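Please look over the sequence and the structure before reading on.

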Amino acid sequence: SQVSFEEESQNPPTVGHWKPLMPSKGDKEEAESGCQDAGGVHEPQSTEQLNVSRLRSSSVEIREKGSEFLRDELHKAQKELKLKDKECERLSKVREQLEQELEELTASLFEEAHKMVREANTKQAAAEKQLREARGKIDMLQAEVTALKTLVITSTPSSPNRELHPQLQSPSRAGFRKGHGRNKSTSSAVMPAASQGVAPEPASRECREVDSILFAEFQAWKESPTLDKSCSFLDRIYREDIGPCLDFPKQELSELVREAVEQNTLTIEPAASQTVPVGRVAAEECGGPKKCALSGLPRTCKHRIMLGDSGNYYYISPSCRARITAVCNFFTYIRYIQQGLVRQDVELMFWEVTRLRREMSLAKLGFYPSEM
């Protein structure tokens with residue numbers, strides 16, 4: 001027993017100790033020396049090592065928590081950065097959209113301004129055209145006014161103007177029908193004799209008789225008046241009067257004149273009413289003051305015509321002007337009938353149409369007033 005006690009005293013019991021996570025070289029030496037030292041000396045060293053290891057483990061935990069916190073903050077910052085990027089992208093799109101809308105608005109404003117300018121120029125051109133047409137139709141309107149005065153007088157047979165109809169003062173004329181009337185040339189011829197109280201001679205009287213075929217055609221046309229030349233009434237007048245009256249040696253220009261008269265777009269004006277620059281005469285005008293554009297003959301041309309709004313003028317002689325004016329007067333009267341502006345008996349309308357046809361016949365034969 002004594003031997004065993006001595007052996008136990010020589011080999012003291014090993015005391016357990018905490019190993020540090022990362023023991024240094026000095027710690028290893030202390031641990032080795034500690035194993036060889038007695039138990040009383042090893043206990044304080046083990047406690048100190050335990051405290052150091054705890055401190056190190058707590059510092060590692062703190063570092064891990066710090067790194068985790070930093071990672072969370074980094075994720076938050078990245079999310080905020082993505083949101084800001086999206087916001088910037090949205091704002092850039094809004095800016096691009098606003099710039100595009102601004103460009104479209106500017107373009108539309110410029111287009112509207114140009115449109116208004118074009119409309120103003122168009123209206124100005126139309127007004128100038130109407131002014132030229134109005135000036136060019138003065139001659140025709142004067143003849144129309146004279147004809148309309150005669151129509152107004154003859155349209156009220158119950159109270160006629162006895163100065164223009166002196167035959168109504170004579171008892172021998174009481175048997176005339178209400179529809180009977182005289183043309184202007186005959187009435188004016190008998191006016192001086194009536195004013196002196198002298199009865200007109202039988203030789204100066206004009207007798208006339210209604211042609212049944214022509215009157216029937218006119219009545220059929222009067223039921224539904226039209227400017228279509230295919231009807232029998234206008235077809236006859238085109239063949240017998242209008243065609244020969246507007247048949248000039250310059251065939252191409254004659255066709256253009258006929259179309260302009262039918263469409264009411266022909267303008268006649270005095271040759272001296274407007275001064276044309278010398279440089280534009282050759283390009284815009286045909287014929288000249290000494291040459292007729294329709295007949296091609298050397299004549300003194302006091303008037304010129306324009307077809308539509310072409311801007312080209314053609315000098316015409318007095319004879320050609322009389323022929324064109326006679327046809328224009330005829331078309332003007334039948335347009336009045338078509339529009340319902342003539343309130344007369346059918347027979348009086350027929351005789352007025354016949355008088356206008358006679359003027360076309362005389363004009364195509366070369367008869368025209370001296371003032372032309």
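Patches are made of residues with over 30% relative accessible area and no salt bridge, where like charges are joined within 9 Å and nonpolar side chains (Val, Leu, Ile, Met, Phe, Trp, Tyr) within 5 Å. This is a predicted model, in which local features need pLDDT of at least 70 and side-chain atom pairs count only at pLDDT 80 or more, while totals for chains, interfaces and linings use all residues. Residues are numbered from 1 along each chain as its sequence is written, and side-chain values use heavy atoms, with hydrogens and water left out.

L362, L365 and F367 make a nonpolar surface patch of about 330 Å², the accessible areas coming from the Shrake-Rupley method with a 1.4 Å probe and, for residues, with only the protein chains shown counting as cover.

A salt bridge is a side-chain nitrogen of Lys or Arg within 4 Å of a carboxyl oxygen of Asp or Glu, and the structure holds 13 salt bridges. Three of these pairs are listed here.

| Salt bridge | N to O distance |
|---|---|
| R236 and E217 | 2.9 Å |
| R236 and E240 | 3.3 Å |
| R357 and D241 | 2.4 Å |

Salt bridges that share partners join E217, R236, E240, D241 and R357 into one network. Both R357 and D241 are buried, where buried means under 20% relative accessible area, exposed over 50% and partly exposed in between (1.4 Å probe, protein chains only). E240 counts as partly exposed, at 32% relative accessibility.

The structure holds zero disulfides, a disulfide being a pair of cysteine sulfur atoms within 2.5 Å.
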